[in-house]
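These are my notebook entries on what I looked up in the structure.

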Amino acid sequence: MSLGRRVAVIDVGSNSIRLVVADVAPDGRIAVVEERRETPRLGAGLHDTGRLSDGATGRALEALHGMATLAGQRHAERVVAVATSAVRDAVNGADFLQLVRETTGLALRVLDGTEEANLALRSARAHFDLDAGRTVVMDVGGGSLELALSAPGTRPQLHSHPLGAIRLTERFLARGQSRRAVRRLRDAVRAALRESVDADAWRAPVLIGSGGTFTALAAIHLRHDDERQARAAHGAAIPREAVEALLEELRALSPAARRRVRGLNPQRADIIVAGLAAAAEVAAHLDAPELLVSAYGIREGLLLESADVPDPGELSSPSATPQR
């Protein structure tokens, strides 16, 4: 028996494309029916060329065709498909959207950075108590870094920076992951944060990390077999010192050794150092003592939105400007 409305969400990110089909109840309870993940790496090379490559586009179209078919087989009454950083930033992003429509029938909605941040915040509200004080929800994707700053009685502050794990890897770590290269990466993240986030006003918040970087972090920290077990670690509190230690441990490994790390998906091994470095710099900027791992993210926010579940934590439409 269905729990509520059956909705399918397809999230076209810079690193991966994910499908989730779920029954969503009016009170926001979600029962997942089907999940699928493919890694076409749409954002690869975008920093240098400004374009989605033909190879990545072909892989993405194949993945999307299969996911659209699966959503129909699972009898989703509504299919919502969104694209994020890679598609919105690529000069041929509009061509990609047209190809997707012609090939799969899907009409991709391109999210801006603040929409991504707000969806991550909405997902966090469903799983964490955000009424106790200041909370910062951080999502490190392949192409961008989103931050949602929330405090009781105030409208959230939403920020987006082009500082995702793939972009940072290509920009700073393409020739290796030396301490100096990682320091240059962190300096760039710090400079962006200083311009957008008042560290004194938001010092020592509850810091929540959502997205693949943090499910990988949880799996590695807790020595799980792989990222698929990260949901069991939802809500795990990882001290900032442990994040820094894992970052240095992974940085020092060869690419081959990193792919063998327990808990780390080999497909993420080449970008995990950049993702963790960005996360560690956010934690340092805010002087957050620990990081809470969320096994959920913008897809769950989209499920709630698409099933017309009211968002009790939203006081009004947030106003924010993406940081570029």
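I looked up how α7 (residues 179–196) and α9 (residues 240–252) pack, and found an angle of about 135° with the axes 11 Å apart; helices here are DSSP runs of H or I of at least four residues, strands are runs of E of at least two, and both are numbered from the N terminus. The axes are lines fitted to C-alpha atoms, for helices over the stretch in contact, and the angles run from 0 to 180 degrees between N-to-C directions. The two helices are therefore oblique to each other, since angles under 35 degrees count as roughly parallel, over 145 as roughly antiparallel, 65 to 115 as roughly perpendicular and the rest as oblique. I noted that R179, V182 and R186 of α7 make the contact with E244, L247, E248 and R251 of α9, contact meaning heavy atoms within 4.5 Å.

I have to keep in mind that this is a predicted model, in which local features need pLDDT of at least 70 and side-chain atom pairs count only at pLDDT 80 or more, while totals for chains, interfaces and linings use all residues. Residues are numbered from 1 along each chain as its sequence is written, and side-chain values use heavy atoms, with hydrogens and water left out.

Next I looked up the largest nonpolar core, which has 51 residues, with M138, L147 and L207 having the most contacts inside it; such a core is a set of buried Ala, Val, Leu, Ile, Met, Phe, Trp, Tyr and Cys residues joined through side-chain atoms within 4.5 Å. α11 gives the most to this core, with eleven residues. For M138, I listed its contacts beyond four places in sequence, among them L147, L207, F214, A279 and L291. Another core, of 27 residues, lies apart from it and includes L42, A83, A86 and A90.

I then checked N92, in the loop between α3 (85–89) and α4 (93–104). N92 is buried, with a relative accessible area of 9%, where buried means under 20%, exposed over 50% and partly exposed in between (1.4 Å probe, protein chains only). Leaving aside neighbours within four places in sequence, N92 is in contact with R51 and L52.

Phi of A204 is near 55°; A204 sits in the loop between α7 and β9 (206–210) and is partly exposed at 42% relative accessible area. Phi of D308 is near 60°; D308 lies in the segment after α12 (298–306) and is exposed at 54%.
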